[in-house]
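Good morning, and thank you for coming. Please look at the sequence and the structure on the screen while I speak.

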Amino acid sequence: MSDPRAHLRALFDADRSLRHAERTLLLSAPPEVLADVFSAAADRALSDSDPERQELELVRLADLCAQVEGPVAVDTLLRILDHADPAVRAEAGEALLDVAYERFKEVANAIERALDQRRDGIAMEELPYMLAEIHDPDPMPLMVRFLVHPRAEVVASTIEAIVERADPAAVPKLKKLLGDTREVTVPELDDEKVTLGDLAADALSFFEEVFEDEAEEQPAAPARGAAGRPKSPGDRGGRRR
């Protein structure tokens, strides 16, 4: 049997070499040049017939793109987010979220470009969930744009993300979906088919319950005197002594 301590040491050495190689790469050229290099590498990886190599390279590229500023790197992340492998999408989604926390405008602009281009890949289903994680600045103006996406699955994902975020700002847009007869499959309901109108109605019912709960938790308003001012102790029968 070989010595596991030697293998562990080799693993540590490999990690150290990898970190050094990454630092050297990121310092080797300006961000815009690196972004173009990563974009071309992503194109090659996405067309690779070897799934294992494809996953390895795309996961690494997602991490690298998150460390480079500029629109090309973010657009590359969106392309990687379109990958069929959930593990690759998870890495790309986490990378996009990291960028959004630090440079939200870059991510928002890339998403707006994707929406304007009417892209309909699986990334468009993932993006509403990613946006729901952002709290500052408010992503809701961007999220509601997904509610008018032509693909029903994208709209369904957006409805779910809005409910998870519990933001009532989307209520007027959700009301416009009532009566929408397009059907989607819901894995949580054993792949049962439901209409977008039904999903919107469920979401609106959720927000109604939230409003009711908030109203019940509000403290009672103070009693007021005849002049409309809060009652002073002297208004409660008798004079103050």
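What volume does the largest pocket have? The largest pocket has a volume of about 580 Å³. Before I go on, please note that this is a predicted model, in which local features need pLDDT of at least 70 and side-chain atom pairs count only at pLDDT 80 or more, while totals for chains, interfaces and linings use all residues. Residues are numbered from 1 along each chain as its sequence is written, and side-chain values use heavy atoms, with hydrogens and water left out.

The term pocket needs a definition: on a 1 Å grid over the protein atoms alone, a pocket is an open set of points where a 1.4 Å probe fits, with protein on both sides within 12 Å along at least five of seven lines, and lining residues have an atom within 4 Å of a point. The volume is the space filled by probe spheres set on the points, which are joined across faces, edges and corners.

Of the 25 residues lining the largest pocket, A156, E160, V186, P187 and E188 are the closest to its centre. Two or more lining residues come from each of α7 (123–132), α9 (152–165), β1 (183–186), β2 (192–195) and α11 (196–217). These elements are DSSP runs numbered from the N terminus: helices are H or I with at least four residues, and strands are E with at least two. Helix α9 gives the largest share, six residues. By class, the lining has 13 nonpolar, two polar and ten charged residues. Here Ala, Val, Leu, Ile, Met, Phe, Trp, Tyr, Cys and Pro count as nonpolar, Asp, Glu, Lys and Arg as charged, and the others, Gly among them, as polar.

Let us stay with α9. Is T158 in this helix buried or exposed? T158 is buried, with a relative accessible area of 0%; buried means under 20%, exposed over 50% and partly exposed in between, with a 1.4 Å probe and protein chains only. Leaving aside residues up to four places away in sequence, T158 touches P128, M143, F146 and L147, where contact means heavy atoms within 4.5 Å.

Now to the strands. β1 and β2 pair in the antiparallel sense over four bridges; strands pair if DSSP finds at least two bridges between them. E183 stands opposite T195, and V186 has E192 as its bridge partner. In a regular strand, side chains alternate between the two faces of the sheet. In β1, V184 and V186 form the covered face, whereas E183 and T185 form the uncovered one. The hairpin has five residues between the strands, and D190 takes a positive phi near 55° there.

The second largest pocket has a volume of about 230 Å³. Its lining includes L81, R89, Y129 and M130. Six residues, the largest share, come from α5, and α5 (86–102) and α7 each supply at least two.

Finally, which residues form an aromatic pair? F206 and F207 do, edge-to-face, at 5.2 Å centre to centre and 70° between the planes. Rings of Phe, Tyr and Trp (its six-membered ring) pair if their centres lie within 6.5 Å; planes under 30 degrees apart count as stacked, over 60 as edge-to-face and the rest as tilted. F206 is partly exposed, at 27% relative accessible area, whereas F207 is buried, at 1%.
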